[in-house]
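Open the model in your viewer and keep the selection panel at hand. The tour goes stop by stop.

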Amino acid sequence: MGLFRKKKKEQENHENDVILTLYACRKDGSVVRAFAEELFTNVCKEIKPLAEKDFCLILQDDTQVQMHVMDTQPEVTEQARGMVRYFSQAPLENEEVKMAALQQISLFSCIVGISFSLNDDQDRTAFLMQTIYALAEKLTAFVLYPNMYLYDADGKLLISIDGKTDFTSFRPQASATLLEKEIQPTEADTIRIQKNIEILKAKHIPYMERLQASVYAQECHVWDKKAIIQRLAATFACCVVAEVHSYDMAEAEKKSREMLTELEERYQITEFLSEEEKAYIKQPLQEQHAKFGWRYECCAVFCWALSLLDLKEPTEICDASEIGGILWNNDLERLQGLANCRSAEEILQMQDLVFRYDWACVDARIHQKELPQLNGEIIYEWHYALNWLVQADGITDWDDVQPHT
């Protein structure tokens with residue numbers, strides 16, 4: 001192509017930097033470079049790798065198109081959630097399209113930042129924009145402009161912050177990579193999924209027929225009894241700190257210190273507190289009390305996994321005093337004697353069911369529907385704890401667990 005063959009001295013001096021962002025629905029951003037190389041092949045003379053999956057296309061006129069790829073969690077998930085909150089303020093009259101757009105945004109799992117310069121050559125500009133939209137199509141992505149207008153790969157405006165859209169109806173879409181896994185389910189996996197779907201049907205809870213398991217038996221690695229008890233004790237320690245600071249401010253510091261000292265004697269918690277937990281215990285911030293207080297529900301899941309209590313209905317908050325009775329009346333050695341770990345299959349069955357519960361909660365929240373059969377706060381904590389128990393996505397660090405739906 002001749003669009004990019006001009007020498008630098010022949011170019012217009014006044015150029016404008018452009019920044020666009022592609023939000024894609026796919027698992028892995030490693031394909032971005034291959035797609036970009038294919039689409040820019042006739043005008044690109046070199047591709048330079050940058051940090052990790054980032055790269056720079058050197059065009060034939062010596063200008064650059066830089067692409068920065070992010071597909072790591074939880075960063076992408078947090079950005080998607082932030083976009084949902086932001087666009088939920090858009091005064092879009094078509095409420096159905098707005099809710100579908102917010103659901104689409106919640107599916108974003110890969111972000112590609114694109115920066116380049118424009119000059120007065122309209123043909124060059126048209127080619128660059130067309131190619132970027134072609135890349136969006138390959139990635140099942142949407143294009144976000146700096147003015148917060150979000151377009152689909154066909155150039156139709158999905159939603160803008162000032163309440164505009166080109167759609168009269170819209171159905172969220174995603175790359176098949178979000179629904180497909182690299183390994184194939186076994187017969188046991190298929191039976192497990194179907195069993196949980198039957199439970200959802202019986203409870204009249206919405207479900208997605210094609211939603212595969214987030215963890216198959218082949219990927220499931222349940223922690224041993226001692227590790228679960230240690231995680232239980234560490235989580236419980238933060239819960240009691242949150243509770244004291246929420247209900248007894250005057251004596252909070254003193255009581256927290258006393259309880260942490262006792263838990264240290266019984267369970268040696270400082271050896272396995274996560275970094276986030278250490279920071280909270282050292283300086284319990286008010287805005288974090290609710291987060292750590294809700295983790296009593298995680299403790300309930302751990303006690304269930306250890307056969308020390310049964311989980312309540314997914315609308316009932318757990319009994320913190322019952323969990324406290326287990327922790328305060330035992331120590332690490334005695335609890336190891338009392339506990340009896342449930343089988344990996346039983347834990348995985350529960351993880352898959354709660355995964356589907358969580359999907360229903362998210363779907364109801366996006367569509368502003370009532371779902372009295374489930375408490376979203378409880379389900380989120382259950383999902384978090386169960387994902388740690390089965391090491392979903394290979395994640396073993398407590399702070400890094402991601403209860404995706």
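A salt bridge here is a side-chain nitrogen of Lys or Arg within 4 Å of a carboxyl oxygen of Asp or Glu. Keep in mind that this is a predicted model. By that rule the count comes to 19 salt bridges.

**Stop 1: Glu345 and Arg192**

Select Glu345 and Arg192. They form a salt bridge, with the closest N and O atoms 3.0 Å apart. Glu345 lies in helix α13 (residues 344-366) and Arg192 in helix α5 (residues 187-202), so the pair ties together parts that are 153 residues apart in sequence. Are the two partners buried or exposed? Arg192 has a relative accessible area of 2%, so Arg192 is buried.

**Stop 2: Asp310 and Arg342**

Go on to Asp310 and Arg342. Their side chains meet in a salt bridge, 3.5 Å from N to O. This pair also links distant parts of the chain, 32 residues apart. Asp310 sits in the loop between α10 (296-305) and α11 (320-328). Arg342 sits in the loop between α12 (332-338) and α13. Asp310 counts as exposed, at 63% relative accessibility. Arg342 counts as buried, at 17%.

Salt bridges that share partners join Asp189, Arg192 and Glu345 into one network.

**Stop 3: Asp61 and Arg124**

Select Asp61 and Arg124. The closest N and O atoms of this salt bridge are 3.2 Å apart. Asp61 is in the loop between β3 (55-59) and β4 (64-70), while Arg124 is in helix α4 (residues 122-139). The two are 63 residues apart, so-called distant parts of the chain. Both Asp61 and Arg124 are buried.

Stay in the loop between β3 and β4 and pick Asp62. Its phi is near 70 degrees, a positive value in a residue other than glycine. Most residues other than glycine have a negative phi. Asp62 is partly exposed, with a relative accessible area of 34%.

**Stop 4: the sheet**

Show the strands as cartoon. What is the order of the strands in the open sheet? The eight strands run β2-β3-β4-β5-β1-β6-β7-β8, with antiparallel pairing. The edge strands are β2 (44-49) and β8 (157-160), and each pairs on one side only. From one strand to the next, the twist averages 20 degrees.

Zoom in on β3 and β4. These strands pair in the antiparallel sense over four bridges. Select Phe55 and look across to β4: Met67 stands opposite.

Helix α3 (residues 95-106) packs on it, touching β6 (141-144), β7 (149-151) and β8. The direction of α3 makes about 95 degrees with that of β8. Helix α4 lies across β1 (16-24), β3, β4, β5 (110-118), β6 and β7. Against β5, α4 runs at about 175 degrees.

**Stop 5: a helix pair**

Select helix α6 (residues 225-247) and helix α7 (residues 252-267). Their axes are 9 Å apart, and the helices pack at an angle of about 170 degrees. That makes α6 roughly antiparallel to α7, because angles over 145 degrees count as such.

Display the side chains at the contact. From α6 come Ile229, Ala233, Phe236, Ala237, Val240, Val241, Val244 and His245. From α7 come Ala252, Lys255, Ser256, Met259, Leu260, Leu263 and Tyr267. How do the residues of the contact of α6 with α7 divide? They comprise 12 nonpolar, two polar and one charged.

**Stop 6: Ile317**

Finish in the loop between α10 and α11, where Ile317 is found. Ile317 is exposed, with a relative accessible area of 53%. Which residues is Ile317 in contact with, leaving aside its neighbours within four places in sequence? Select Trp294, Glu297, Lys312 and Ile378. Then draw a distance between the C-alpha atoms of Ile317 and Trp294: the separation is 9.2 Å. Along the chain, Ile317 and Trp294 are 23 residues apart.

Conventions: Residues are numbered from 1 along each chain as its sequence is written. This is a predicted model: local features need pLDDT of at least 70, side-chain atom pairs count only at pLDDT 80 or more; totals for chains, interfaces and linings use all residues. Side-chain values use heavy atoms; hydrogens and water are left out. Buried means under 20% relative accessible area, exposed over 50%, partly exposed in between (1.4 Å probe, protein chains only). Axes are lines fitted to C-alpha atoms, for helices over the stretch in contact, and angles run from 0 to 180 degrees between N-to-C directions. Angles under 35 degrees count as roughly parallel, over 145 as roughly antiparallel, 65 to 115 as roughly perpendicular and the rest as oblique. Contact means heavy atoms within 4.5 Å. Ala, Val, Leu, Ile, Met, Phe, Trp, Tyr, Cys and Pro count as nonpolar, Asp, Glu, Lys and Arg as charged, and the others, Gly among them, as polar. Two strands pair if DSSP finds at least two bridges between them.
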